[in-house]
Amino acid sequence: MSGFAFQSAGSLEEALAVLARTEGETRIVAGGTNVVPAIRDGRQPPALLLDISRLDGLRGLREEKGKLWIGALTTLAELAASPLLAERAPALYQAANSFADPNTRGRATVAGNITNASPGADMAPPLLVLEAEVFLTGPAGHRSLPLREYLTGPFRAALTRDEIVTHLTISPQVHSAFIKIGLRRAMAISVATVAVALEKATDGAVTACRIAFGALGPTALRAPQAESVFLGRQPDSALFAAAAAAIAGDIQPRDGLRGTREYRLSAAGAILERAFSLAYYKEA
Amino acid sequence: MPLYGDGNKDSKGYTYINKFFPRVDAKDKVTGRAKYAADLTLPNMLLGGALFSPYPHAQVTSVNTEKARSIPGVRAVLTFQDLREEVSWGYYTFMSSRLRYQGDVSAIVAAEDGESLAKGLAAIEIEYQELPAVFTVAEALAAGAPLVHEGNEECAGNIWAHSRYRARKGDAEAAFAQCDRLIERVYETLPVEHAYMETEAAVAAPDPTAGLMTVYTGAVNPYFTRRWVADALGVPRAKIRIVQQTVGGSFGGKEELLGLTASRAALLAQATDCPVKMVMSREQSIIASTKRHPFLLKYKVGVNNDGRLQAFQAELIENVGAFHMHEFMNFRASVHAAGVYNIPNVKVDVFGVFTNTVTAGAMRGYSSPQLIFGSEQLYEEVAGELGMDYVAFKRLNMLRPGDENACGQKMESDIILPEILDQVFAATDFERKRAAYREQQDVRRKGVGMAMFYRGCGLGAESPDASAGFVCVHDDGSVMINSGLVENGQGLKTSFTQIVAETLSIPPETIHFIGVDTHTIPDSGITAASRSTVMGAQSVKLAAEELRDYLLATAAMMFHAEPSQVELREGMFRLTGVPDAVIPFQTVCNVHHWTGQQAGVMRWFKPAPLSYDMAAGQGKAFPTYSYGCVVAEVEVDTLTGEVTVERVTCGHDLGTVINHKIVEGQIYGGVLMGQGFALMEGLAVKDGLIRHKNFDTYMIATALDLPEIRVMLFESDDDAGTYGAKSIGEPATEGVAAAIISAVKNATGLTIRQIPINKVSLLTLLNRRSQAAATEDSLAGATEDSPAGAKENPQGAATENPKAGATENPKDKEGGEA
């Protein structure tokens, strides 16, 4: 592997300075689980790979003002082993545990997963339903935006060339769940994923409902039509059937190497029901 | 004979075989001490690379290497124009201007480092004219189809003349006219990648000591590799030395691309007078290496209403891709096509068709996994048509001692299949579960299924099953052994060590297995066909027996007795009847050496001749057969199409178990491969180009996908193999896919006629059946019979198979009896 320069930043300031200086010929690398395979596949390497994996201030997972703060460099292995996440945000915890294998989880970072912006990015649906906010820093200072605005298209994120993601925040929701369909049980790129987060009243009626799908559109996407089916209702088989029917208006599945449009549409309804039930009946 | 390990572990009375001994190569492999070809570094070594075809079929119209040669670090650029002879055997080309598939090569480069190599390959100025191509059997056989090997009469009409094999028994045509019912079915399988961990690698070094060239590589047959290299360089075989390295998996596949890689490295080594290492990337390995033969299996069966099979006719066509050196696979396929059943009238024809797509080659099972899937599903369908229970149907028609199989070979030795069936069924609670699972309506449905099968041990009448074995002792009592067959992960070194230990009656720890160097031991053929322990170890055993006699003579001299009064037992020479008269093995070896006695023996073993008439497709095909039954238990998620293989129980006839841990290892790996073949694997090829080029898209099962595997080993009395051993390497995988598909049918009621079927294809089938049930205008059963046709999902079940499931049963149509 050759044809590019490599620099490891010792501080966020240094990293930002390098980005400012090199005007977009630079690619940020943290865990390398997307960047390195892309270079190996023969795609044009960037002039400079800027390694930010030593920026320890961008790591960690903690509760902060009722939200969960997740550092950009937090690995999926850390998410997959977090009791806090397991208790407060099961959807994200389950997604991290379904991702690739222990080796890859040990390197892949949460910000890398969403910034790569694969339509099937496994962290994106749970982060969408947990109302993730993405925090960026750049020459103009800090800014933040909701994840749904951050994901702008397939393999496109709203990160300018001189910015770095520092952290995310999520609104924890115990009534949340994630389900993934891959062609095997480890090291599988998703064929379809779903995340659900909901709130319910004491009578069991759903008072808030957020549903997001992965690998079923150009980006991970929310499913407003399916969400509205559940609002104010208690789930039953008729409701699930209605939600499954409503999905067609929310998602844009396509034929691909891993699955057909027909399959994705059909399986999405099944996993929605299961994820919804997991979230709904999860003991708070 | 009883189940091995069931309180009867020492029933055969052996000392060093028939029990566990740690693998002799295990420690080196797990600690990283083992060296594979790609690990080697020699002084002044260059790296070699190849320019593969961008098209499935093309003619090179111009090539200019001037620019490539001028790149710093590039030391040699060779093209097809530099070859004395393009074509080797099997019509494979070392390099060629006519590129017949994506894995063909037009030029090779040697350079000082990887970067220069990549630049050199990229700088070759080459122009192609793309040629019309054929990809499927149907396209290749169509009138006026482009020819893959134009001008070669042996490949006329894209059919390889030498690949035609047949089996004949009775008169199938006449019997069809007499049968109560005729049933026709078509099944299909897709190409499968071997997925060995080590890709093809070779280091070729100019070596005057060896003659001309020494090549370090890990081949399934170092003698074939020697032939490839000698042909490429145009020199006698005696000038080429192959030194076998640790093999990182073969499963039958380390042959064609391995031989070509070694040859290309040798050509570059000759041109530069430097050692050259060539290592295939994973993508190159997947594109250019052979695959499990995809088969089109067309059957016609005649059966009477009492369930007795009367006639079996099969036309088995394999898509061989652009090249072929596996005509003998079709011999095996013809003999085994009808399965382990007694059918009075049989007509089997097998042949291969050339296309401009990925080439097919030997892969664990050598047609059996495909054929067992087809025939076992076929018999389930036939039983269903008769309204019979399929297990009862199979038991009724099963081969029994004294019966003749499909090629008319009389089954002379014991057939322990009934015992295996009984015990495997009892251990799995098979019959109860099967009945209980039939009428499930749940989203997640359990299923249990089975396959039963037999396999001719060794090469049989395919080619001489001969091999060399070597044993020698040193003055300190240590022993060195060798064989012309190779360790490729199956455990050969360990089982051969145990066999010599048993023969000499010395502890296996004192024995060292050398490994193949083609300058030291004669060509013993390919390490394949599950022949090594069964047949290949016979020569080592013969050599050990002869050496034992020499040592007994020395010991007798030391005892001042006759050799007949001396025995060698557990490392000690003993004088019969005199308990205190004992001399250690080492002491005798020392005297043996210093008195100049013969201390080394090379012996040749060739099994008793078989009388098989290839042209007629009749006769004694194999010296003996091993038998087996696999039961698979699955759960099908009918809303996602996911099949969870929960448990696989494998009952195998081992004859004599040499080392049960190695056997278990073979079976675990065999189940994984069979599961992949049933549910996951299946290479996507579109217009001749492979779409699954690495393991991110080509799915093989991971540890998380593995079922619980239960192994039941049965022993039998049969003297054909070494110490009565029978084959297991290939039996371990051959029935697994068939059993899993049978279980999926038990769970869902779906008949599956094309594998692999992944969750996408399975859900598509399930949904179509539901839709058909919902719209009442569809014919009953029509959905079940439709092919798995998710057209954009080649890995599951890719191609439309319009003939699959066409029930061409005149009596059915006329009488409407169903």
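Me: In this predicted model, which ring does the charged end of Arg164(B) sit over?

Reply: A charge counts as sitting over a ring if NZ of Lys or CZ of Arg is within 6 Å of the ring centre and within 35 degrees of the ring normal. Here the ring is that of Phe351(B), and the charged end of Arg164(B) sits 4.7 Å from its centre.

Me: Which parts of chain B does the pair of Tyr14(B) and Tyr723(B) tie together?

Reply: Tyr14(B) lies in the segment before helix H1 (26–31), whereas Tyr723(B) lies in the loop between strand S32 (708–715) and helix H18 (731–734), so the pair links parts of chain B that are 709 residues apart in sequence. Tyr723(B) is buried, its relative accessible area being 18%.

Me: How many degrees lie between the planes of Tyr454(B) and Tyr625(B)?

Reply: The angle is 15 degrees, at 4.8 Å centre to centre, and the pair is stacked. Tyr454(B) belongs to strand S18 (residues 444–456) and Tyr625(B) to strand S28 (residues 625–637) of chain B, so this pair ties together parts that are 171 residues apart in sequence.

Me: Are Tyr454(B) and Tyr625(B) buried or exposed?

Reply: Both Tyr454(B) and Tyr625(B) are buried. Elsewhere, aromatic residues of chain B form one cluster, with Trp89(B), Tyr92(B), Phe94(B), Tyr101(B), Phe224(B), Trp228(B) and Phe323(B) as its members.

Me: How much area do chain A and chain B bury between them?

Reply: The size of an interface is often given as the accessible area lost when the parts come together. Chain A and chain B bury about 2,400 Å² between them, with 52% of it on carbon and sulfur atoms. In chain A, Arg184(A), Arg185(A) and Leu257(A) lose the most area to chain B, together 31% of what that side buries. The contact takes 23 residues from chain A and 34 residues from chain B.

Me: How many salt bridges are counted between chain A and chain B?

Reply: The count is four salt bridges. The side chains of Arg768(B) and Glu262(A) meet in a salt bridge at 4.0 Å, N to O. Helix H12 (residues 261–281) of chain A gives the most to the side of chain A that touches chain B, contributing seven residues.

Notes: Residues are numbered from 1 along each chain as its sequence is written. Chains are lettered from A and ligands numbered from 1 in the order in which they are written. This is a predicted model: local features need pLDDT of at least 70, side-chain atom pairs count only at pLDDT 80 or more; totals for chains, interfaces and linings use all residues. Side-chain values use heavy atoms; hydrogens and water are left out. Helices (H or I, at least four residues) and strands (E, at least two) are DSSP runs, numbered from the N terminus. Buried means under 20% relative accessible area, exposed over 50%, partly exposed in between (1.4 Å probe, protein chains only). Rings of Phe, Tyr and Trp (its six-membered ring) pair if their centres lie within 6.5 Å; planes under 30 degrees apart count as stacked, over 60 as edge-to-face and the rest as tilted. Contact means heavy atoms within 4.5 Å. Buried area is the accessible area (1.4 Å probe) that two parts lose on being put together, summed over both.
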